[in-house]
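I opened the notebook to record what I looked up in this structure. The entries follow in the order in which I made them.

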Amino acid sequence: MFFRLLDLTIYNAYVMRKSLHGMKPFLDFKMNLIRQLIDSTGGVKPKPPHPTLSARIRDGVEIPERLTARHFPGKGSKRACHVCSKRRTVFTCKDCNIPLCVVPCFEKYHSQLNYK
Ligand SMILES: [Zn+2]
Ligand SMILES: [Zn+2]
């Protein structure tokens, strides 16, 4: 709603100026005006997404960190794999601190919401 109103205001200003100063592409004029607006408000920059966010919401579903962060395998003591629980493995996810077979369970755990 706000932007539609802004658009209309800009367009009106453009039409007025056009009749005074002749032609200038509307898009150029609009970009200049928006730039001026942004400059006068001290700059409105979109915030980058926070990389250390523990969980994200996608379509109303909470996405666990293991699916969005970069996790790498490490070696630990031999434990039962968290995903298949059939095999015992010395590999763990260093970040999740969970025992996982490198293939295929590590990838499975970090790429599927329902990994079981
Ligand atoms: Zn496994
Ligand atoms: Zn992990």
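I began with the outward side of helix H4 and found that the face turned away from its buried side carries the exposed residues Val 103, Pro 104 and Ser 111. I count a residue as buried if 20 or more other C-beta atoms lie within 10 Å of its own, as exposed if 12 or fewer do, and as partly exposed in between, with C-beta atoms placed from the backbone. Helices (H or I, at least four residues) and strands (E, at least two) are DSSP runs, numbered from the N terminus.

I noted the ground rules next. The model is predicted, so I kept in mind that local features need pLDDT of at least 70, that side-chain atom pairs count only at pLDDT 80 or more, and that totals for chains, interfaces and linings use all residues. Residues are numbered from 1 along each chain as its sequence is written, while chains are lettered from A and ligands numbered from 1 in the order in which they are written.

Which residues of H4 are buried? I listed Cys 105, Phe 106, Tyr 109 and His 110. Seen down the axis of H4, these buried residues fall within an arc of 120° and so line one face of the helix; the arc is that of the directions from the helix axis to the C-beta atoms. Their cover includes helix H3 (65-68), E3 and E4.

I then looked up the largest nonpolar core. By definition, such a core is a set of buried Ala, Val, Leu, Ile, Met, Phe, Trp, Tyr and Cys residues joined through C-beta atoms within 7 Å. This one has eight residues: Cys 81, Val 83, Cys 93, Leu 100, Cys 101, Cys 105, Phe 106 and Tyr 109. Helix H4 (residues 102-111) gives the largest share of this core, three residues.

What does Tyr 109 touch, not counting residues up to four places away in sequence? I found Arg 66, His 82, Val 83, Leu 100 and Tyr 115. A contact here requires the C-beta atoms of two residues, placed from the backbone, to lie within 7 Å.

I turned to the sheet. It is open, with three strands in the order E3-E4-E5 and antiparallel pairing. Strand E3 (73-80) and strand E5 (98-99) stand at the edges with a single partner strand each, so one side of each is left without a neighbour in the sheet. Two strands pair if DSSP finds at least two bridges between them.

I followed the pairing of E3 with strand E4 (residues 88-93), which is antiparallel over five bridges. Gly 74 has Thr 92 in E4 as its bridge partner, and Ala 80 has Arg 88. The count of buried residues among the eight of E3 is zero.

E4 and E5 also pair in the antiparallel sense, over two bridges, and Thr 92 stands opposite Pro 99 in E5. The two strands form a hairpin with four residues between them, where Asn 97 in the turn has a positive phi of about 55°.

My last entry is on Pro 64, which lies in strand E2 (residues 61-64). Pro 64 is partly exposed, with 15 other C-beta atoms within 10 Å. Its C-alpha atom and that of His 110, 46 residues apart along the chain, are separated by 9.2 Å.
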